[in-house]
Amino acid sequence: ARGYENLKATPAISDKQWSMIDMNKSTQALRRMGIVHTDLMNNKDKDITVASMPQKNRKITVTNNGRTYTKNTRHTGYDLASPNLYMGKKLYPPMNDCVVVGVLSEERSGGQGNTVLLKCPNGKFIKYMHLQKADLPELGDKVSKQSVIGHMGNSGAVGNKAVGSLHVEFYDANQQWITAWQFMQ
């Protein structure tokens, strides 16, 4: 998919950008986006919270060849939580007239799992990761706020395969990483 290769790799993030990450602003922005709805009336989920923020040094536990160890890694997205988030929950674009510019299967994405990348009319991008394989949109689809762009899943590298996981990342028009708050500005 055109432009997707640039976003597949984790971009450089400056110390200034790391310092701009704010839990309250991020939560407000994610709730305003309405990427998760609470009911059939398409009401935005006002209970969305950020379970895990972007972090410059995030400790993770890895098991390899029967040996478990802890290592530091960057976490460049927002892992979302809500009583309304569950495996198979429908997910939506943050605004009308977004275009699907990337669809990547779990087999090709590494730890990202099934991934959808949207380019929004504000010129910015949003990437949804760990989706179920069913009902992924097609490359080039134009989607509205009522279009289902995927379902919450547990594909790729997620800590708990028993529950769903949703990881979202944001990029500006130059495909540089930005915060959720900056995406909504």
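The protein chain comprises 5 helices and 12 strands, where helices (H or I, at least four residues) and strands (E, at least two) are DSSP runs numbered from the N terminus. The structure is a predicted model, in which local features need pLDDT of at least 70 and side-chain atom pairs count only at pLDDT 80 or more, whereas totals for chains, interfaces and linings use all residues. Residues are numbered from 1 along each chain as its sequence is written, and side-chain values use heavy atoms, with hydrogens and water left out.

Of the 185 residues in the protein chain, 46% are buried (under 20% relative accessible area, 1.4 Å probe, protein chains only). The accessible surface of the protein chain, from the Shrake-Rupley method with a 1.4 Å probe, comes to about 9,400 Å², and carbon and sulfur atoms contribute 47% of this surface. Among contacts (heavy atoms within 4.5 Å) with a separation of 6 or more, 65% involve residues 24 or more positions apart.

Strand 7 (residues 114-119) is largely enclosed by the rest of the structure, because 5 of its 6 residues are buried. Strand 7 pairs with strand 6 (residues 98-104) in the antiparallel sense over 5 bridges, pairing being assigned if DSSP finds at least two bridges between two strands. In this arrangement, Val 103 is placed opposite Val 116 of strand 7.

Strand 7 also pairs in the antiparallel sense with strand 8 (residues 125-131), over 5 bridges; here Leu 118 stands opposite Ile 126 of strand 8. The hairpin of strand 7 and strand 8 has 5 residues between the strands, and Gly 123 in this hairpin adopts a positive phi near 85°.

Notes: Buried < 20%, exposed > 50% of the residue type's maximum accessible area, 1.4 Å probe, protein only.
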